[in-house]
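Subject: Structure handover

Hello,

Here is the structure I promised to pass on. Please open it first, then read the notes below.

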Amino acid sequence: MERDGTAEFRLDPATVEDVLRSGRERAASTEGSALLDRARDATSVSLEDVAALWLADVDGASLYAVALERRRRRPAPLETFSPLYLTNTCDAECRMCGMRRDNAALQRETASEDEVDEQLRTLQRRGMNAVALLTGEYRRERRSWAIARVNRALRSTESLGFGHVLINVGSLDDDEMEILLDGIPRHEDGSVVPKLTRCTFQETYSRPHYARFMGRADENPRAHYDRRLANFDRAHAAGIRVANPGILVGLNPDLGFELIALVLHSRHLLAAGMEVYLSVPRLRQIAGGKQRSDGRGVRPARVAAVDRGPGGKDRADDARAAGDPARARADRDGALGGLGFGRSLYGDRGPLPARDEPVRGDRSASVRGDPRGAPPALGRDRELPRSRGELTETRTLRA
Ligand code: SF4
């Protein structure tokens, strides 16, 4: 499929810094209560308002109340999904991730096609409507096996009737997107019929921090900042209409920069007619874990929830009024009016059936390891010594 001419997202750090500077001035010259009133009542919130809310001395509870109020005007039921790892192999070396290629402590496993189908059927029996398909990220010449696996799983979700499939398999090139979506039904305009969400978390929009954690070596598939940044644009060109960007708290200490960059990226995607799900820091305490008690961890989510993009819901209404089929479809549930928080998981399936199966299925008896064979050595990004104390969490959930 030819590119539709939608401009790729580019981030100018100077723009983000300008917004933060204006936001700082606004925060210093405006009462916090006035900022909150403006955020609650405005049809659309400017980037400077978002920055001011982030930087102002506004308590978390008040911010939360405004975010709730704005969300009440565009209600959407909570949605959840089950992640399904097709493999825990990866060619990348992100320093914060347990799946990184050089983590010898992780036992590598790859599910067979039959096991994937079995897992999908199990999820379906349990009433799950949404599933995320995950792999690692691979070098160009070694990506085809993963794409074929994901395509097969995708076809299975289609035949089993899943309502929403999230695809978290790293960045793909234009021709690879076509292979990934091979056999998936399309509308006349080329967009895919099922609800497919492309998940590509930039993790950090700061180039220096990106290089620090994701590396710089050319052969490292995850080291290419710009290629990752434009992954949603390639997905859109291939017919996908839902995007899931995200940041990872802990990489760049300047969370204000990350927040504004994330909002800019989300607005770009909304303007292209995509529905947007934001990945935010963990909102509830992990079992047995520790969570900051000052609410700072959830503050980015509260500020982001206030933003609706320029025009917000009005823009979505405009799309419908203008008879823009792609945008109207992207907004068939009103999600274009804001940064989507999803739809009901069980809304059309009745109550969740009683669970009569173990929460975790049996692990496969044999460890299949990495079916791609021994990979050639990757370039090492060893300029910085590894620091075990930099992060509080080891994460294995993202490609
Ligand atoms: S974050 Fe993703 S790409 Fe990076 S090492 Fe982990 S699984 Fe691989």
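A word on naming before anything else: helices (H or I, at least four residues) and strands (E, at least two) are DSSP runs, numbered from the N terminus. Please also keep in mind that this is a predicted model.

**Overview**

The chain has 399 residues, and 40% of them count as buried. Its secondary structure comes to 14 helices and 6 strands. Take the contacts between residues at least 6 apart in sequence: 81% of these join residues at least 24 apart.

**Helix H10**

Start with H10, residues 231–238. Here 8 of the 8 residues are buried, so the helix is largely enclosed by the rest of the structure. The buried residues are Asn231, Phe232, Asp233, Arg234, Ala235, His236, Ala237 and Ala238. What lies over them? The cover includes H7, E4, helix H9 (225–229), E5 and helix H11 (255–271). Just after H10 comes Gly239, with a positive phi of about 115 degrees.

**The sheet**

Next, the strands. The 6 strands form an open sheet with parallel pairing, in the order E1-E2-E3-E4-E5-E6. Strand E1 (82–85) and strand E6 (275–276) are the edge strands, and each pairs on one side only.

Now walk along the sheet.

- E1 and E2 run parallel and are joined by 4 bridges. Leu84 stands opposite Leu133 in E2. Together, E1, H5 and E2 make a right-handed β-α-β unit.
- E2 and E3 also run parallel, with 5 bridges between them. Leu134 has Asn168 in E3 as its bridge partner. The chain goes from E2 through H6 to E3, and this β-α-β crossover is right-handed.
- E3 and E4 run parallel, joined by 4 bridges. Val165 has Leu196 in E4 as its bridge partner. The chain goes from E3 through H7 to E4 in a right-handed β-α-β crossover.
- E4 (residues 195–199) and E5 (residues 242–244) pair in the parallel sense over 3 bridges. Arg198 stands opposite Ala243 in E5.

Strand E3 deserves a look of its own. How many of its residues are buried? The count is 5 of 5, and E3 is mostly covered. In a regular strand the side chains alternate between the two faces of the sheet. In E3, His164, Leu166 and Asn168 point one way. Val165 and Ile167 point the other way, and all of these residues are buried.

**Helix H6**

The buried residues in H6 are Ala146, Ile147, Arg149, Val150, Ala153, Leu154, Ser156 and Thr157. Their cover includes helix H5 (113–125), strand E2 (130–134), strand E3 (164–168) and helix H7 (174–180). Gly161 follows the helix, and its phi is positive, near 85 degrees.

**Two glutamates in loops**

Glu203 sits in the loop between E4 and helix H8 (207–214). Its phi is near 70 degrees, a positive value in a residue other than glycine. Is Glu203 buried or exposed? It counts as buried, because it has 27 C-beta neighbours inside 10 Å, and 20 or more make a residue buried.

Glu109 is in another loop, between E1 and H5. It has 18 C-beta neighbours inside 10 Å, so it counts as partly exposed. Glu109 and Thr89 are 20 residues apart in sequence. In space they are 7.1 Å apart, C-alpha to C-alpha.

**The ligand**

Last, the ligand. Which residues are closest to it? They are Cys90, Ala92, Cys94, Cys97 and Glu137, out of 12 residues that surround the ligand. By type, the shell divides into 6 nonpolar, 2 polar and 4 charged residues.

**Where to look first**

Look at H10, which is largely enclosed by the rest of the structure. Then look at E3, where 5 of 5 residues are buried. Then turn to the 12 residues around the ligand.

Best wishes

Key:
Residues are numbered from 1 along each chain as its sequence is written. This is a predicted model: local features need pLDDT of at least 70, side-chain atom pairs count only at pLDDT 80 or more; totals for chains, interfaces and linings use all residues. A residue is near a molecule or strand if its C-beta atom, placed from the backbone, lies within 6 Å of it. Ala, Val, Leu, Ile, Met, Phe, Trp, Tyr, Cys and Pro count as nonpolar, Asp, Glu, Lys and Arg as charged, and the others, Gly among them, as polar. A residue is buried if 20 or more other C-beta atoms lie within 10 Å of its own, exposed if 12 or fewer, and partly exposed in between; C-beta atoms are placed from the backbone. Two residues are in contact if their C-beta atoms, placed from the backbone, lie within 7 Å. Two strands pair if DSSP finds at least two bridges between them. A crossover is right-handed if, with the strands pointing away from the viewer, the path from the first strand over the helix to the second runs clockwise.
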